[in-house]
Amino acid sequence: GLNMANISGDDISDTDMRLGIRLGFSFSKELSDVVTLNSGVLYSVKGASYKALSLGVDAFGNLVSLGEVDADYSLNYIEIPINFGFSVSDQFSLMGGFYSAFLVGVSNTVDGEDMDADTDGWASIDFGIGLGAEFSVNDAISINTGYQMGLSPLDEDGDTDAKNSNILVGMTYSFGG
């Protein structure tokens, strides 16, 4: 699937949506005629795009601004969503639940160049709530969409109000039946 991720919070300004992938395995367990439990393990790329200030040194050795350049943070997670699906019809269901995600890597790109980045300073666990909908095209293929709102701060100390937010669109192929 596709993540359209951003970082939001009172301490964050001027970030834009960043595209990322979500790929993995999921399973569903029917709890009743209208309720299913959905979970899985996903590799999920979140983060945000932003404008960075490019600095240089003039002929006199003074630090000067060279303008803004495009940059982004890529936050790579192993994510475990747990959602309850509520069937509205045979083909359409609404979902709600939560997710927890474990940070496995961070990259920072500035003006097309990879900068040194590691997980130091970033929270190793992210969690939040999710809402969504799923449409079954046939017995094997379904299309889903949703929104995830992070509840945990992204910095290791929890001092900064910065959390993940994510719009997701995906397709699921079911094996067996």
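**Before you start**

Residues are numbered from 1 along each chain as its sequence is written, and side-chain values use heavy atoms, with hydrogens and water left out. Because the model is predicted, local features need pLDDT of at least 70 and side-chain atom pairs count only at pLDDT 80 or more, while totals for chains, interfaces and linings use all residues.

**Stop 1: the whole chain**

Show the protein chain as a cartoon. The secondary structure comes to 0 helices and 10 strands. Helices (H or I, at least four residues) and strands (E, at least two) are DSSP runs, numbered from the N terminus. The pattern along the sequence reads β-β-β-β-β-β-β-β-β-β. Along its principal axes, the C-alpha trace spans about 75 × 30 × 25 Å.

Now colour by accessibility. Of the 177 residues, 37% are buried. Buried means under 20% relative accessible area, exposed over 50%, and partly exposed in between (1.4 Å probe, protein chains only). The areas come from the Shrake-Rupley method, and for residues only the protein chains shown count as cover.

**Stop 2: strand β1**

Select residues 2-8, which make up β1. Which strands pair with β1 here? β3 (residues 18-30) runs antiparallel to β1, with 4 bridges joining them. β10 also pairs with β1 in the antiparallel sense, over 7 bridges. Two strands pair if DSSP finds at least two bridges between them.

Pick Asn-3: Gly-20 in β3 stands opposite. Then pick Asn-6: its bridge partner in β10 is Ser-165. Ile-7 also lies in β1. Ile-7 is buried, at 8% relative accessible area.

Move across to β10 (163-173). Asn-164 has its place in this strand. Asn-164 is buried too, with a relative accessible area of 2%.

**Stop 3: salt bridges**

Show Lys, Arg, Asp and Glu side chains. Side chains of opposite charge can pair when their charged atoms come close. How many salt bridges does the structure hold? There are 5. A salt bridge is a side-chain nitrogen of Lys or Arg within 4 Å of a carboxyl oxygen of Asp or Glu.

Zoom in on Arg-18 and Asp-72. They form a salt bridge, with the closest N and O atoms 3.8 Å apart. Arg-18 lies in β3 and Asp-72 in β5 (residues 63-87), so the pair ties together parts that are 54 residues apart in sequence. Arg-18 is buried at 14% relative accessible area, and Asp-72 counts as buried at 18%.

Next, select Arg-22 and Glu-79. Their closest N and O atoms are 3.5 Å apart in a salt bridge. Arg-22 is in β3 and Glu-79 in β5, so this pair ties together parts 57 residues apart in sequence. Buried or exposed? Arg-22 is buried at 13% relative accessible area, and Glu-79 is buried at 0%.

Now go to Lys-51 and Asp-70. This salt bridge has its closest N and O atoms 2.5 Å apart. The pair links distant parts of the chain, with Lys-51 in β4 (residues 35-57) and Asp-70 in β5, 19 residues apart. Lys-51 is partly exposed, at 46% relative accessible area. Asp-70 also counts as partly exposed, at 49%.

Salt bridges that share partners join Arg-22, Lys-46 and Glu-79 into one network.

**Stop 4: strand β6 and its partners**

Select residues 92-110 for β6 and 125-136 for β8. These strands pair in the antiparallel sense over 11 bridges. Leu-94 stands opposite Ala-133 in β8.

Thr-109 stands opposite Asp-114 in β7. β6 and β7 form a hairpin with 2 residues between them. Stop on Asp-111 in the turn, where phi is positive, about 50°.

**Stop 5: a negative patch**

Select Asp-116, Asp-118, Asp-120, Glu-156, Asp-157 and Asp-159. Together they form a negative surface patch. Patches are made of residues with over 30% relative accessible area and no salt bridge, like charges being joined within 9 Å. Asp and Glu count as negative. The place of a charge is taken as CG of Asp or CD of Glu.

Centre on Glu-156. It lies in the loop between β9 (141-150) and β10. Glu-156 is exposed, with a relative accessible area of 55%.

Finish with two C-alpha distances. Ile-7 and Asp-118 are 18 Å apart in space and 111 residues apart in sequence. Asn-164 and Asp-120 are separated by 17 Å, at 44 residues apart along the chain.

Definitions and conventions:
Patches are made of residues with over 30% relative accessible area and no salt bridge: like charges are joined within 9 Å, nonpolar side chains (Val, Leu, Ile, Met, Phe, Trp, Tyr) within 5 Å. Accessible areas come from the Shrake-Rupley method with a 1.4 Å probe; for residues, only the protein chains shown count as cover.
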